[in-house]
Amino acid sequence: MTNELTHATKLLAEKDALELQISALLDSLKDMGVGMSDSLIDADGFPRADIDVYTIRHVRNQIIRLKTDLKNKMKEMEAALYTLHSVKWKESVGEDSNSPPAQRKAVFSPFLKINKVLLESPSHSAGFQANDLILKFGNIQFEGGSEDLLKKVASLVALSENKSIAVTLSRDRKSIETTLVPKKWSGRGLLG
C-alpha cells in the first residue's frame, strides 16, 4: 500500500502546484486590470490601447492550459485514491492478493449505506440492518466511476417487484450474501 499512498501524495502535490500557478496567473491578470472574460477590444473593434493585449492573451492561454492539466490531474487523483482505498479495503477484509484467483473471493467496494431498516419490511425480511454497507446489489457494483448508482438501484428495484435480487452486504467487515424481494408491504416503498 505504500506505493499507492506515495503515488497519491505525489499527485496531490502536483495538483497543489498547478492550483498555485493558476492563482498566480489570475493575480497577474488582475494586476493588469482584466480578468479571463474582459474584452480586449474597444467599442470600435480595435485592440485596447490601455493594456498589453499580447501579454494578456498569452497569460489567459496559460491559464486555460493549466486548468486542463488540473482537470486531468484530478482524474488521475481519483483513480489513485480509488486504487488506494480498494487496496486498503482488501487488506481490511483479509484478501491475499498472492493467492490463486480460484481461492480468492470477489471484493467489492461499498457504494451505499443502510441508515434504517423498518420492522416487517422486505429489507428486514432479507436480514438488512442499520449501518450495513451494500457492496453489490443485483448486478450493480461500484467500479470507480462517478455514475449515479442510487438511481440504478432504484430502477432495478422498480423493475424487480416480487422478484429476487441477490445482495452482498458488509457488516462489521464481514461479507454477507442475502436475497431481497422488493414488494408492497404495510409501509412506504418496496424496500422499507
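Mentor: We will go through a helix, some loops and some strands.
Mentor: This is a predicted model: local features need pLDDT of at least 70, side-chain atom pairs count only at pLDDT 80 or more, and totals for chains, interfaces and linings use all residues. Residues are numbered from 1 along each chain as its sequence is written, and side-chain values use heavy atoms, with hydrogens and water left out.

Trainee: How many residues has helix α1?
Mentor: Helix α1 has 30, residues 2-31. Its C-alpha span, first to last, is 43 Å, close to the expected 44 Å. Expected means 1.5 Å times one less than the number of residues. Helices (H or I, at least four residues) and strands (E, at least two) are DSSP runs, numbered from the N terminus.

Trainee: Which residues of α1 are buried?
Mentor: A8, L11, K15, L18, I22, L25 and L29. Buried is under 20% relative accessible area, exposed over 50%, partly exposed in between (1.4 Å probe, protein chains only).

Trainee: Switching to loops. Where does E120 lie?
Mentor: In the loop between β1 (112-113) and α3 (122-125). E120 has a positive phi of about 65 degrees, although it is not a glycine. Most residues other than glycine have a negative phi. E120 is exposed, at 67% relative accessible area.

Trainee: And the strands: how many bridges pair β4 with β5?
Mentor: Seven, in the antiparallel sense. Pairing takes at least two DSSP bridges between two strands. V167 partners T178 in β5. The two strands form a hairpin with two residues between them.

Trainee: What about β2 and β4?
Mentor: Also antiparallel, with four bridges. L133 partners S170 in β4. Six of the seven residues of β4 are buried.
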